[in-house]
Amino acid sequence: MDKWFYIDWPAIFVPSISIFELIIRGSLVYLALFSVLRFLPSRQIGTLGITDLLVVVLFAEAAQNAMASHYTSITEGGTLVGTVIFWSYFLNWLGYKLPKFQRFLNPPPLLLVKNGQMIDRHLKKALITEDELMSKLRQQGVEFVAEVKLAYMESDGSISIITSDTATLSPSQQKVL
């Protein structure tokens, strides 16, 4: 009955390993995972698929022990969360301040269709089949690839489309669309 009401306050708040070590571990794992995810192809085409979710879960599980071998205190958990938040904010801030660094953070748009012609090498690079591209075009109201002046795969995996009809409008009319 005594264990029900006993609280080990030092175990809750006092770190069992060095805070500095936690920050270094958290930083190294965050930057390594960021680099791996940045250079993987954007296969999901703007959606989170089951394989993407599986990768995130497995990364989280693998990274947990790498970031902190075995931590139990709230202080250690807070330090790791703070480290991840810091790197996320810092990299976004750096990309905002240094436009050249932004290209490292987010890949430039990849041209998939130009003047009604699919660019096969870019589709292969993005691991997108013609059927998948046509599905995305239809979802945006485009029936035939010949109607597309330009189609880009954006850094978030979505596909933006400029149809031939839109290209003939004036800039002020295009803003309305």
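The following dialogue explains how to read several features of this predicted model.

Student: How many helices and strands does the protein chain have?

Tutor: Helices (H or I, at least four residues) and strands (E, at least two) are DSSP runs, numbered from the N terminus. The protein chain has 10 helices and four strands. Read from the N terminus, the order of elements is α-α-α-α-α-α-β-β-α-α-β-β-α-α.

Student: In what order do the four strands of the open sheet lie?

Tutor: Strands of a sheet pair through backbone hydrogen bonds, either parallel or antiparallel. Two strands count as paired if DSSP finds at least two bridges between them. Here the open sheet has the order 2-1-3-4, with antiparallel pairing. Strand 2 (117–118) and strand 4 are the edge strands, each pairing on one side only.

Student: How many bridges join strand 3 to strand 1, and how many join strand 3 to strand 4?

Tutor: Strand 1 (residues 110–114) and strand 3 (residues 148–153) are joined by four bridges, and leucine 110 stands opposite methionine 153 in strand 3. Five bridges join strand 3 to strand 4 (residues 159–163), and these two strands run antiparallel. Valine 148 faces threonine 163 in strand 4, while tyrosine 152 stands opposite serine 160.

Student: Which residues touch the most other members of the largest nonpolar core?

Tutor: In soluble globular proteins, nonpolar side chains tend to be buried together. A nonpolar core is a set of buried Ala, Val, Leu, Ile, Met, Phe, Trp, Tyr and Cys residues joined through side-chain atoms within 4.5 Å. Buried means under 20% relative accessible area, exposed over 50%, and partly exposed in between (1.4 Å probe, protein chains only). The largest core has 16 residues, of which Leu112, Val113, Ile128, Leu133, Leu137, Val148 and Ile161 touch the most other members. Strand 1, helix 8 (130–139), strand 3 and strand 4 each give two or more residues to this core.

Student: With which residues is valine 113 in contact?

Tutor: Contact means heavy atoms within 4.5 Å. Leaving aside neighbours within four places in sequence, valine 113 is in contact with Met118, Leu133, Val145, Val148, Lys149, Leu150 and Ala151.

Student: Is glutamate 130 buried, exposed or partly exposed, and in which helix is glutamate 130 found?

Tutor: Glutamate 130 belongs to helix 8. Because its relative accessible area is 44%, glutamate 130 is classed as partly exposed. Apart from neighbours within four places in sequence, glutamate 130 is in contact with Met118, Asp120 and Leu123.

Student: At what angle do helix 3 and helix 5 pack?

Tutor: Axes are lines fitted to C-alpha atoms, for helices over the stretch in contact, and angles run from 0 to 180 degrees between N-to-C directions. Helix 3 (residues 19–39) and helix 5 (residues 74–97) pack at about 45°, with their axes 9 Å apart. Angles under 35 degrees count as roughly parallel, over 145 as roughly antiparallel, 65 to 115 as roughly perpendicular and the rest as oblique; helix 3 is therefore oblique to helix 5. Among the residues of helix 3 that meet helix 5 are Tyr30 and Phe34.

Terms used. Residues numbered from 1 in each chain as written. Predicted model: local features only at pLDDT ≥ 70, side-chain atom pairs only at ≥ 80, totals over all residues. Heavy atoms only, no water.
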